[in-house]
Each structure stands twice: as structure tokens, then as C-alpha cells.
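User: I would like to learn how to read strands, helices and contacts in a model. Please take me through one.

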Amino acid sequence: MLSIAGVHTFYGKIEALKGVDLEVGAGEIVALIGANGAGKSTLLMTICGRPRAARGRIVFDGRDITRMETFQIVRLGLAQSPEGRRIFPRMTVLENLQMGATTADERYYADDLERVFALFPILKQRQSQRGGTLSGGEQQMLAIGRALMSRPRLLLLDEPSLGLAPLVVKQIFEVIREINEQQKVTVFLVEQNAFHALRLAHRGYVMQTGRVTLSGSGRELLANKEVRAAYLEGGH
Amino acid sequence: MAYFLQQLINGLTLGSIYGLIAIGYTMVYGIIGMINFAHGEIYMIGAFVTIISLLVLASAGVTSIPVALVLTLIVTMFFTSAYGWTVERIAYRPLRASHKLAPLISAIGMSIFLQNYVQLLQGARGKPLPPIVTGGFTLMDSGGFSVHLSYLQLFIFLLTVALMAGFSTLIASTPLGRAQRACEQDLGMAALLGVDVDRTISLTFVMGAALAAVAGLMVTLYWGVVDFFIGFLAGVKAFTAAVLGGVGSLPGAMLGGLLIGLIEAFWSGYFSVQYKDVSVFAILVLVLIFRPTGLLGKPEVEKV
């Protein structure tokens, strides 16, 4: 569904991605793990054309999206809950969700809203509150809910567990599984919380300083010595 | 008392006009963080289109004043918006990825260009327009001084109120307004959600120009003479109004405009007409020193 081949991305003169190859198949949950600064978030943003890949090819559903405008890429059925959540702080929860539905067919709006409220009941209670006043966990739910409002076929999630209480993390990961299994949404997940992410994912990739260094099924990576040493032992 | 009331009426009229121009500054600043120094010229073009349109309608035999005014309003908004759109397209959009100062300098260049363009096409002399909307109410008569509220002043208030109401609704509860607010808060995120950011920015320029066009129409009817240079002073004053109200805030722009109009009218009425502009710019200096975020502005918080 998504295939990334030899992608290089620069921030000014700094090469953040140094030739990344990666595949996400339809219906999968794929996790990308790695340390801070490895280029995980850059990869997600590069898929959406911000920043644009300097070299390489990104193909989504058979279409080359490497040079497309961001808004056109997401109109193909791809949604991202980005690093830092980026909730619109001076818009209400409901307006944030409406913004998520920008590319969706209006006919589905009411159903989609109900679906998101069913996944995250707290958002329903807070719907007229401003995004900036939500707690971190609520903002995370709103960011995921907002991404779902576009009815994506591929959902890109950047660190959905960052800064959240363990119980909330568990809840969010359950929701991701639910979205994947029941709504058939393909998920590409970036995580530092390697343990949870690899247990959830069908497959995983490990990234180090701009390159993919390891790949395999979630189970394989969980059992891998290097992965254990680098990302799992010493607390997760 | 009568004299005070008269200055109040004059000030509010003037303030409506400044407020309408100020909205264009504030919206553009809100969305791309740039002061559009050519906005005063857009207003000036609005004034010229008004005169041209009224003359064309008159020679075409349209004698009904309300019909002529409505048609002129539509024509002026249309053509002036086209200028606003074009200016963004050729002078600002190509510079979007460059240093912050580049579009500012480009805006100043655009302002000089438009002034000279109109001067060359229309001549440097003022273009007079005979009063079209005449008459009014006498509200009060005391001690030989009567307070007038002309029909034209009433028309200016009512049109301003109607535009503000329509405009606020547009921003608060239409998909376009929502997209504009989203772009204002996080341009990149708006793009990630599928908002065509360039189109939204273009429409913001178009809306600002349309309101400036209405201000141009009002001023043409009110003062009865326009020239190629009127955009400069009105532009700087409306910019002052936007700063006073808080750049980026729509109600702030309107409030700032009204206050600037009132300050100017009262200063002219009670102190000296010659120094009325000084009074306005003194306000700009004071606001920038003591309350740089303006009356209704939100403090700029840099998130880490």
C-alpha cells in the first residue's frame, strides 16, 4: 500500500534520512522504532511532502506521491497524527474534528463523528472546550480522532504514547488495534515505546541515524538481542 | 454637548472606514505573519473603481441612486478583490519560502508601484465627485449649533455593521472560515488535514481587499475627492488601528478603527486640525511601548 524506496531528506544541509527503504502492506500494523533523532518523525512528514524527499520514491496505492502537494497527498486517503499532536489550540474539540473531516465526504460526517466519540467518549464530553485546554492524553485522543475523521485507508501515527500515563497508553494501543481490525485501516506507527509497539504490530522496522537497520515481524524484533539491548531493557 | 455629539458621529463614520481597512491588515497578518503594506493602495484602487463605475453607470443612463450604489458596490468589490488576489499571487507567494523580510520589502515595492500605476493611468490631480447621497437628520439644536446625521453617515454605519456581522459569521461558522482559522493557528497542520493552504491564503487576500474596496467606496462618497496618494495615509492609520486593537484579532481591528476615528475627530474638534495625524501616530507609539499586543491581541507565546 505504501512503499518507500531510497528516500533522502534534508533539513538545510543536514541529511536526516539517508536512503530509507520500507514497505507497508494493506491491512497491516507496521511499527517503526528507534532512538530520538533517528529520523522517524522526519520519515512520516516526508511521506506527506513536508519536507519533500530530495531523492527516492514514495508510492501510495500505486501512485507516485513524492512530488505531490501535501493537501493532494492526504486527499488520496492518508492521514497523520503528527509529532507534538498539533491540536488547534484556539478551536474547540468539535472544530478540530471538523477540520479532520476536511477531505471527507460530507454524507459520512455524522457517522464518523459518532464513531470517534465511541472510541474516545471523553471527547464527546469535551466537545465545546478549546483544544488548548485539554490534558496531554485527551489531546492525543483528539489528534487520533481528528486523523480518523478523514476516513483514511492509511493512518500515520507519530508517538501516540508519548508522555501519557501507562493506563492511557494501554487504552490508546487498544484503540489502534480496534481501528485496524474492525475498520480495516492500515496503520504505520512510529514509537519510542518499543515494547508496546512491537507487541501490537505485525511487522516492525528499526531506524538508526537516518537508516533502516533491522526489520522483521513484531515477534522477531521483540526477541532480537540488539533490539532488546537498545530499546527494551532499561525500562519501557 | 451638541458639539461633542457631532464629533462622535463624525468620528464613528471615519472609524468605520478605518476599521474596514484594518481588517485586511489583521487577517493577512494572522494567516501568514506579514504586514501587507500595499493594502492602503488596494483601498485607493477601490476608491478609483468607485468613481469610474459611478461615471460609467451615469453615462449609461442609470439614474436611480440606490441602484447605482448597489451596482457600484458589487463592481468595486469585484475589481478591487482581483487586484488583491493578483498582488498576493505575483508579489508574495513566490517569496513564501524565503526570509521573513522579503515579502515585506516586496509589499513596499508593490505599494509604490500601485501608486505610480494609478497616477500614470488616472493623472496626479484629485478626482472630484459631486455629492450623490445628500440630506440627513437634524438630531439636536442647541445654542445655534445643530447636530447632523447625514444619510450618507447612516449608510456608512449600517453597511459597516452588516459587513461585520456577515464577516464574523463567515469566519466563525463556515468551512472556509474554519480553514482560515486553522491556517492561522498551524499552517502546516492545516495542510496535513487536506486544506489547500495557498488557496486559503488567496481567499484571505480577496476578502481583505473586498472590505477595503467598500471602505474606498465610502470615502469617495464621503469626501467627494480621491487621488492616487490617499491610500498611504489611510493605510498607515488603518495599520495603527490594527495594532491598537491587537494585530491578528478581527474584533480588535474594528474596535481599533473606531477608536482611531474617534481620536482623530475629537482631536480635530477640540485641539487642532493640523495635528490630527500626529494624534493618531502618537497612539501608535504609545501602544507599541506600553501594550504591544494591542487591546484585544493575544500575547505571542513561543512554544518550546
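Analyst: What follows goes through a sheet, a hairpin, the domains, the helix packing and the chain contact. This is a predicted model, in which local features need pLDDT of at least 70 and side-chain atom pairs count only at pLDDT 80 or more, while totals for chains, interfaces and linings use all residues. Residues are numbered from 1 along each chain as its sequence is written, and chains are lettered from A and ligands numbered from 1 in the order in which they are written.

User: How do I read a sheet, and in what order do the six strands of the open sheet in chain A lie?

Analyst: Strands of a sheet pair through backbone hydrogen bonds, either parallel or antiparallel. Helices (H or I, at least four residues) and strands (E, at least two) are DSSP runs numbered from the N terminus, and two strands pair if DSSP finds at least two bridges between them. In chain A the order is 6-7-8-3-9-10, with mixed pairing. From one strand to the next the twist averages 15°; angles run from 0 to 180 degrees between N-to-C directions, and axes are lines fitted to C-alpha atoms, for helices over the stretch in contact.

User: Which strands of chain A does helix 1 (residues 40-47) touch?

Analyst: Helix 1 of chain A packs on the sheet against strand 3, strand 6, strand 7 (154-158), strand 8 (186-191) and strand 9 of chain A. Its direction makes about 150° with that of strand 7 of chain A. Contact here requires C-beta atoms, placed from the backbone, within 7 Å. Strand 3 (residues 29-34) and strand 9 (residues 203-208) of chain A run parallel, joined by five bridges; one pair of bridge partners is A:G34 and A:M207.

User: How many residues lie between strand 1 and strand 2 in the hairpin of chain A?

Analyst: Two residues separate them, and A:G12 in the turn has a positive phi of about 65°. Strand 1 (residues 2-11) and strand 2 (residues 14-24) of chain A are antiparallel, with eight bridges. A:T9 stands opposite A:L17.

User: Where are the domains of chain A?

Analyst: Domain bounds come from an automatic or database domain assignment. For chain A the assignment gives domain 1 (1-77 + 153-236) and domain 2 (86-151), with C-alpha centres 23 Å apart. Twelve residues of domain 1 of chain A are in contact with nine of domain 2 of chain A. Helix 7 (166-182) of chain A gives the most to the domain 1 side, with four residues.

User: How do helix 5 (residues 151-173) and helix 1 (residues 2-32) of chain B pack?

Analyst: Their axes are 10 Å apart and the angle is about 40°. That makes helix 1 of chain B oblique to helix 5 of chain B: under 35 degrees counts as roughly parallel, over 145 as roughly antiparallel, 65 to 115 as roughly perpendicular and the rest as oblique. Among the residues that meet are B:I9 and B:L12 of helix 1 of chain B, and B:I156 and B:F157 of helix 5 of chain B.

User: At what angle does helix 5 of chain B cross helix 8 (residues 197-223) of chain B?

Analyst: They cross at roughly 175°, and their axes come within 10 Å. That makes helix 5 of chain B roughly antiparallel to helix 8 of chain B. The residues in contact include B:L159 of helix 5 and B:V214 of helix 8 of chain B.

User: How many residues of chain B are in contact with chain A?

Analyst: There are 14, against 20 residues of chain A. Helix 6 (175-185) and helix 7 (187-192) of chain B each supply at least two residues of the chain B side.

Note on methods
Contact = placed C-beta atoms within 7 Å.
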